[in-house]
There are 2 protein chains.
Amino acid sequence: MLKQKVVLGVDVGGTNVKMALVSKTGKIIDRAQFAVGEKRSAVEIVRRIVDCAKLLSERTSLKFSAAGCGIPGIVDFEKGIVCRSPHFPEWKNGKFREMLHRSLRVPVAIDNDANMFAIGESLLGAAKRSDNMVFLTLGTGIGAGIILDHKLLRGDRGFAGEVGHITLNADGPKCECGSNGCFELYAASRAFEINFSKLTKGEQKNILSLANVSSAKHLTPEMVADLAAKKNAAAIRLWNEFGKYFGIGLAALTNVLGVTCFVVGGGISESLGFFKKAAIKEYANRTYPENARALTIQKANLGQNGGLIGSAVEAFSLLA
Amino acid sequence: MLKQKVVLGVDVGGTNVKMALVSKTGKIIDRAQFAVGEKRSAVEIVRRIVDCAKLLSERTSLKFSAAGCGIPGIVDFEKGIVCRSPHFPEWKNGKFREMLHRSLRVPVAIDNDANMFAIGESLLGAAKRSDNMVFLTLGTGIGAGIILDHKLLRGDRGFAGEVGHITLNADGPKCECGSNGCFELYAASRAFEINFSKLTKGEQKNILSLANVSSAKHLTPEMVADLAAKKNAAAIRLWNEFGKYFGIGLAALTNVLGVTCFVVGGGISESLGFFKKAAIKEYANRTYPENARALTIQKANLGQNGGLIGSAVEAFSLLA
């Protein structure tokens, strides 16, 4: 009897590397993961991916026919090179695909992790019915995967989708990237610190004391979400500011790409309910009414599995 | 003997409608144009296009096999509908393609005018060697045509490329579109008025008197270019500000699309020499060094003919 065809999906994160054997329909058959730890060289990570892959194959008695691997950073899909990765600076311009291919001995695709999530959500998740969509991952920064006519937009050398660094305020606060007023300052984890000054002195004192932190720098999205759930006015205001800028950023994406279907993932997407209304309102101020009527902002459907499933989809496409 | 195959290119502008018979290689065989005047209904414009087309056919003894028509505004290419046009508000949601098709009795394509220019420059003009490019027309506002992998990006319902309205300053000056701090306030004809306050009082007085206007509102790009050519410090500064914001906008486009090849048309592109250096410098602050190294900003090659030639290219593609 013929065994089913499976592939290996790999989702490299700054903290953990997750892996799974995935079927053609996107079903996860078995999974494993390891903590990245201190040894972060590409050689070391590849070695551990290969070990885990062997384990998965033995455990399931299934051989995988291809592998897909999502990596946080800018990836040249065509050349199989990691151009730059904030979590793995020493991988810069490394031939990661070739390294994986030599060790795993199957065809390998590597891509930006948000791209993998976008593929997953586009084919099997929240945006199944849309030709065009943008997947945004909201965490420390903003990552994006852009799907146009059911295909990923990668741009020159893989540099498309770096939307966290579009300018929303030309003379705004300094971003780590060297620019000022970047989208991700206002609609990712630093947003609460950045928008803190818009609160009254009383609100400032109140939220710091309730969150039990000494300064706005230490306010996490989880803290502000907890307080908003308890109807704290300052926390609600901070989420409204977050939503306002998120809406400005989405409108910019629509005005460039003509896309109105957005899917949101990453830790902060859990709080979408706190900032969606403000985002929709501001979006309508920043683009045409036709776009505002068409706008959809959905939470990712595949959750944490999106990256693994998208990687598997890319792996299967190598076999087609 | 077989006559050569030609198509009709039409470039509808707010003031003039230009038309030409164009060969497969993009050669303009004969041309005609008419002033739009006061009767601006779609019925009237179509009637006059048909008259002009007959004239061209008679004059050259050539029959055209298809027609392409560029229109200022948002055009749904698939449906052949003009969604909205600032110059022709009453055309809203009109079936312009069907009207032209019925009268001309050949296959017709209609598209946004900047898209037509982008196609022209991409296939036969300044960006012939680039897979990906953005064409920007700088005039009263900023129009754009985006080419990805040699194909036009149109987005949902034709709403891609409305880049003039991406936000560069969330709390910036009011734009006619209802938003604030739009790209086109800072890098199109209103830029000099908007940036005037950054000049010293002395510079302000000086430039108004040399340009012989009563207020900054009346400063035209031509005036500021003339003065910059004469090394006037205030004019040079206004172009530097223009370039700075142009660079911020280009970087946003790169960070979304991963495109680094830009072609500039429209009246203000004649002054590219006055703002290119400042644009390149600011661009480097707003995106990755890899993009800054790859950046090219070129003047359109086909000049005023770009729209006609792009329209002809779209017409020929109907015959393929």
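A: Chain B and chain A bury about 3600 Å² between them, and 46% of this lies on carbon and sulfur atoms; the figure is called buried area because it is the accessible area (1.4 Å probe) that two parts lose on being put together, summed over both. On the side of chain B, the residues that lose the most area to chain A are B:Val256, B:Arg286 and B:Tyr288, together 19% of what that side buries. This is a predicted model, in which local features need pLDDT of at least 70 and side-chain atom pairs count only at pLDDT 80 or more, whereas totals for chains, interfaces and linings use all residues. Residues are numbered from 1 along each chain as its sequence is written, chains are lettered from A and ligands numbered from 1 in the order in which they are written, and side-chain values use heavy atoms, with hydrogens and water left out.

Q: How do you know through which surface the copies meet?
A: Contact is defined by heavy atoms within 4.5 Å, and the contact takes 46 residues from chain B and 46 residues from chain A. Of the interface residues of chain B, 100% are also interface residues in chain A, so the copies meet through the same surface.

Q: What makes the two copies related as by a two-fold rotation axis?
A: Chain B is superposed on chain A by a rotation of 180° with 0.0 Å of shift along its axis, at an RMSD of 0.0 Å, and the two copies are thus related as by a two-fold rotation axis. The superposition is by least squares on the C-alpha atoms of residues with pLDDT of at least 70 in both copies. B:Asn169 is the residue of chain B that comes closest to the rotation axis, its C-alpha lying at 2.1 Å.

Q: Why is the pair B:Glu290 and A:Arg84 called a salt bridge?
A: The closest N and O atoms of B:Glu290 and A:Arg84 are 3.1 Å apart, and the term requires a side-chain nitrogen of Lys or Arg within 4 Å of a carboxyl oxygen of Asp or Glu. B:Glu290 forms this salt bridge with A:Arg84, and the count between chain B and chain A is 4 salt bridges. A search of the whole structure finds 26 salt bridges over all chains. Since B:Glu290 lies in helix α10 of chain B and A:Arg84 in strand β6 (residues 81–84) of chain A, the pair joins two chains; helices (H or I, at least four residues) and strands (E, at least two) are DSSP runs, numbered from the N terminus.

Q: What makes B:Glu290 and A:Arg84 buried, partly exposed or exposed?
A: Buried means under 20% relative accessible area, exposed over 50%, and partly exposed in between (1.4 Å probe, protein chains only). B:Glu290, with 13%, is therefore buried, whereas A:Arg84, at 23%, counts as partly exposed.

Q: What parts of the chain does the salt bridge between B:Arg59 and B:Asp30 tie together?
A: The closest N and O atoms of B:Arg59 and B:Asp30 are 2.8 Å apart. B:Arg59 lies in helix α1 (residues 42–60) of chain B and B:Asp30 in strand β3 (residues 28–35) of chain B, so the pair ties together parts that are 29 residues apart in sequence. B:Arg59 counts as partly exposed at 48% relative accessibility, while B:Asp30 counts as buried at 17%.

Q: How do you know whether A:Glu270 is buried or exposed?
A: The relative accessible area of A:Glu270 is 58%, so A:Glu270 is exposed. A:Glu270 forms a salt bridge with A:Lys299, the closest N and O atoms being 3.8 Å apart, and A:Lys299 counts as partly exposed at 38% relative accessibility.

Q: Why is a set of residues called a nonpolar core?
A: The name applies to buried Ala, Val, Leu, Ile, Met, Phe, Trp, Tyr and Cys residues joined through side-chain atoms within 4.5 Å. The largest nonpolar core has 118 residues, of which A:Phe246 and B:Phe246 touch the most other members. Not counting residues up to four places away in sequence, B:Phe246 touches residues including B:Leu136, B:Phe183, B:Val264 and B:Ile297.
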